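Open the model in a viewer and keep the selection tool at hand. The stops below can be taken in order.

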Amino acid sequence: MVDLAQLRKDLKDTASRVSLTEDTKKYVISNDFLLEQDQKLQRVSDVIGIIDKPALMNFPMKHSLAYVEENYTPGMEKEAFEELLEDSKKASGEYRDESADYGNRVHAWVQKLSESYLSSDVFTWTHSQCAPDMVPAQEAWLDWLEHPHIESLEFELLATEQPIYWTGEDVAFAGTADCIVWSHAEDCCYILDYKSGGYDDKRWTPYREQALQLAAYALGLQYSIGIETEQIKAMIVKLPSKLFDSKEGRFETKYRILNDLGYHQDILLHTYALRQWGSYTKKWLPKNKHKPVLGGQNVRQSSIGSRR
């Protein structure tokens, strides 16, 4: 039987050891006897940043094409068409920035809702305190908490904006999980991460790199709190995007639970190694410095077994 009071204390103790550098590019870990004092760790987002993100890469092109389609007039002069193309690029960039700002505001507001619940066991934030464009996100989050399947899991909120970190042989990183909850029905810990990006309808599916993000948080929870992998699950919760039109009705909140957490953690560690390889400065022998290597001397051995 897990002592939830002790678990909350462990989460708070972990949070007290973690801070961000002044430029927010790295995390700083203090008072962990396994690490150097004030040791700086990479952000999880930087570790998985080496992975291609097709959805984000295709977004500017899709938005630009939509802008051109909407504003194109048959028979346009070449000069006018070239101006339209330039305007489409600007419109795409502006929408990208607006979407990012909206996503940050949704994240901050849902965090306030959760903190309110955590401190008083009731949601004290009302629609009167909510900005008009945040109402769909607020309704979606509260509706989701009352979803029959979610209620059956008997979630108990333990922490919001929880800093966690992990360190192993040649591997170390840190990040911040949106929510940590305990499922009394499954007797396990859930890591929740909410996102507002992507489609708002049934086409939505989490971006592939988000699986590694959750896998990293799970490793951090293992290291920081001492919970075993078997007692950790992770979930993405989809909230309405900037494009959602509340006139169409209430947003139907969606969620996906990460499958095979251990597999994704293995891939994450390989991703970390790939990122380290990217900055490895001895990929090539110096020019005109080749010397025959006898007996395998001075050869870095692969950690991957040979295939026969």
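How many disulfides does the structure hold? It holds 0 disulfides, a disulfide being a pair of cysteine sulfur atoms within 2.5 Å. This is a predicted model, in which local features need pLDDT of at least 70 and side-chain atom pairs count only at pLDDT 80 or more, while totals for chains, interfaces and linings use all residues. Residues are numbered from 1 along each chain as its sequence is written, and side-chain values use heavy atoms, with hydrogens and water left out.

**Cysteines.** Select Cys-189 and Cys-188. The closest cysteine sulfur to that of Cys-189 is in Cys-188, 7.4 Å away and too far for a bond. Cys-189 is buried at 1% relative accessibility (buried is under 20% relative accessible area, exposed over 50%, partly exposed in between, with a 1.4 Å probe and protein chains only). Cys-130 is also buried, at 8%.

Ile-164 is buried at 1% relative accessibility. Its C-alpha atom is 7.1 Å from that of Ala-15, 149 residues apart along the chain. Beyond four places in sequence, the contacts of Ile-164 (heavy atoms within 4.5 Å) include Thr-14, Ala-174, Tyr-217 and Leu-221.

**Aromatic pairs.** Show the rings of Phe, Tyr and Trp (its six-membered ring); they pair if their centres lie within 6.5 Å, and planes under 30 degrees apart are stacked, over 60 edge-to-face and the rest tilted. The count comes to 9 aromatic pairs. In one of these, Tyr-72 and Phe-81 have ring centres 6.0 Å apart and planes at 85 degrees, so the pair is edge-to-face. Tyr-72 is partly exposed at 40%, as is Phe-81 at 32%.

Trp-144 and Tyr-255 are edge-to-face because their planes stand at 70 degrees, with centres 6.1 Å apart. This pair joins helix H5 (residues 135-145), which holds Trp-144, to strand S8, which holds Tyr-255, 111 residues apart. Trp-144 is buried at 1%, whereas Tyr-255 is partly exposed at 21%. Both belong to a cluster linked by ring pairs, together with Trp-141, Phe-155, Tyr-190 and Tyr-194.

**Two loops.** Select Glu-154, in the loop between helix H6 (148-152) and strand S4 (155-168). Glu-154 is not a glycine, yet has a positive phi of about 55 degrees. Finish at Asp-260, between strand S8 (254-257) and helix H8 (261-278), where phi is again positive at about 55 degrees.

Terms used
Helix = DSSP H or I, 4+ residues; strand = E, 2+ residues; numbered from the N terminus.
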